[in-house]
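This briefing goes through one protein chain, topic by topic. Keep the sequence and the structure in view while reading.

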Amino acid sequence: MNVTKLVKGSLAVGVLCASTSLTAIAVADEMPPLPESIEEQGVVRIGTKCDYPPDGYLNTDGEPIGLEVNMGKQIAAYAFGDEGAAEITCVTSSNRVPALVGGKIDAIIATMGINAQRAEVVDFSRPYTWSSSSILVMNDSDIQTMDDLEGRTVAFVKGAWQIPWFEENMPNINDVRLDTVSDSIQSLMQGRADAYAHDLAVQLSLDMNNDRIRMLEDRYQLGSRGVAVRKGEEDWLAYVDASIDRMEAEGKFEEWIEEYEDPDMVEVRKTLWDVSQRPAED
């Protein structure tokens with residue numbers, strides 16, 4: 001499977017876009033002031049996924065690790081000089097926003113796609129990675145394109161942004177909403193769902209490592225992820241944005257991808273974590 005072609009060729013929906021703000025380099029003495037509320041509590045409380053490798057998952061000791069977990073730790077290191085000042089909380093797609101709004105965490109770094117509906121509830125940082133959505137089916141399925149999903153059962157992770165897309169564009173499918181990626185892939189393998197819809201970034205890895213499933217060539221819903229913070233916390237959002245700029249400038253994303261990603265997926269993941277390579281939408 002040519003994964004680079006899957007990522008770039010099938011997403012060539014326009015010219016590449018770049019923004020000078022995305023290439024800005026933030027050095028230590030250019031970091032904005034840490035908000036007083038964060039400084040006083042002495043920790044940065046971050047919500048991450050814990051079932052979504054390589055972005056956030058649990059190691060053999062039950063500790064959260066991964067790309068987005070490291071982002072949270074790095075923000076704490078910039079703020080307090082110690083990544084141990086990051087208080088990591090495992091969240092799911094369905095409970096991450098309530099945890100933020102309810103004051104249990106200070107930021108969501110948990111595969112949080114940026115869209116207008118979510119932006120009514122939270123404020124987003126600048127994008128730090130991009131992707132599209134994809135579909136997995138069993139190898140012996142008669143489903144060949146997304147048109148074949150009409151009337152079929154499609155599995156989703158609860159709270160995933162693919163759900164409203166299907167509600168708007170393919171309302172005639174039957175959906176089953178599950179708690180985790182593992183639950184969703186299991187529902188497909190057990191025949192309780194005919195297909196599983198989710199982010200291309202996670203499904204590429206699943207497809208590569210499971211010879212019983214295959215990915216449809218169709219792509220939909222091009223989008224980007226950002227860090228989410230509570231509405232109105234402008235100083236904190238500025239600090240998060242500067243932290244993302246600094247991580248990128250220091251080569252942290254590439255370093256972490258090489259640490260956590262399957263070697264066959266490293267170059268693809270680096271493409272997805274370079275927002276200057278995100279195709280422009282028509």
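Strand E13 is mostly covered, with six of its six residues buried. The model is predicted, and its pLDDT averages 89 over the chain.

**Strand E13**

- E13 runs antiparallel to E8, and four bridges join the two strands.
- One of the facing pairs is Ser 131 with Gly 223, the latter in E13.
- Strands of a sheet pair through backbone hydrogen bonds, either parallel or antiparallel.
- Gln 221 also lies in E13, and its phi is positive, near 55°, although the residue is not glycine.
- Is Gln 221 buried or exposed? Gln 221 has a relative accessible area of 17%, and the cut-off for buried is under 20%, so Gln 221 counts as buried.

**Salt bridges**

- How many salt bridges does a search of the whole structure find? The search finds 16.
- Arg 225 and Glu 68 form one of them, with 2.9 Å between the closest N and O atoms. Arg 225 belongs to strand E13 (residues 220–225) and Glu 68 to helix H3 (residues 67–80), so this pair ties together parts 157 residues apart in sequence. Both residues are buried.
- Glu 248 forms a salt bridge with Arg 126, where the closest N and O atoms are 3.3 Å apart. This pair links distant parts of the chain, 122 residues apart: Glu 248 is in helix H9 (residues 234–249), and Arg 126 is in the loop between strand E7 (122–124) and strand E8 (129–138).
- Arg 177 and Glu 167 meet in a salt bridge of 2.9 Å, N to O. Arg 177 is in strand E10 (residues 174–178) and Glu 167 in helix H6 (residues 162–169), 10 residues apart. Arg 177 is partly exposed at 37% relative accessibility, and Glu 167 is partly exposed at 48%.

**Helix H9**

- H9 has 16 residues and spans 23 Å from its first C-alpha to its last, close to the 22 Å expected.
- Its buried residues include Trp 236, Leu 237, Val 240, Ile 244 and Met 247.
- An α-helix has 3.6 residues a turn, so residues three or four places apart point the same way.
- After H9 comes Gly 251, with a positive phi near 75°.

**Nonpolar cores**

- The largest nonpolar core has 56 residues. Which of them touch the most other members? Met 71 and Trp 236 do. H9 gives the most residues to this core, namely seven.
- Leaving aside neighbours within four places in sequence, the contacts of Met 71 include Ile 109, Tyr 128, Val 227, Ile 244 and Met 247.
- Another core, of 15 residues, lies apart from the largest one, and its members include Phe 166, Ala 197, Leu 216 and Tyr 220.

**A sheet of three strands**

- Strands E2, E3 and E4 form an open sheet in the order E2-E3-E4, with antiparallel pairing. The edge strands are E2 (51–52) and E4 (64–65), each pairing on one side only.
- Two bridges join E2 to E3 (residues 56–58), and Asp 51 stands opposite Tyr 57 in E3.

**Backbone exceptions**

- Most residues other than glycine have a negative phi, and most peptide bonds are trans.
- The peptide bond from Pro 53 to Pro 54 is cis, with omega near 5°. Pro 54 lies in the loop between E2 and E3.
- Thr 111 is not a glycine, yet its phi is positive, about 50°. Thr 111 sits in the loop between strand E6 (107–108) and helix H5 (116–119) and is buried at 7% relative accessibility.

**Confidence**

- 89% of the residues score a pLDDT of at least 70.
- Over residues 1–27 the pLDDT is below 50, and this stretch has 59 contacts in the model beyond near neighbours in sequence.

Conventions
Residues are numbered from 1 along each chain as its sequence is written. This is a predicted model: local features need pLDDT of at least 70, side-chain atom pairs count only at pLDDT 80 or more; totals for chains, interfaces and linings use all residues. Side-chain values use heavy atoms; hydrogens and water are left out. A salt bridge is a side-chain nitrogen of Lys or Arg within 4 Å of a carboxyl oxygen of Asp or Glu. Buried means under 20% relative accessible area, exposed over 50%, partly exposed in between (1.4 Å probe, protein chains only). Two strands pair if DSSP finds at least two bridges between them. pLDDT is the predictor's confidence in each residue, from 0 to 100. Contact means heavy atoms within 4.5 Å. The expected span of a helix is 1.5 Å times one less than its number of residues. A nonpolar core is a set of buried Ala, Val, Leu, Ile, Met, Phe, Trp, Tyr and Cys residues joined through side-chain atoms within 4.5 Å.
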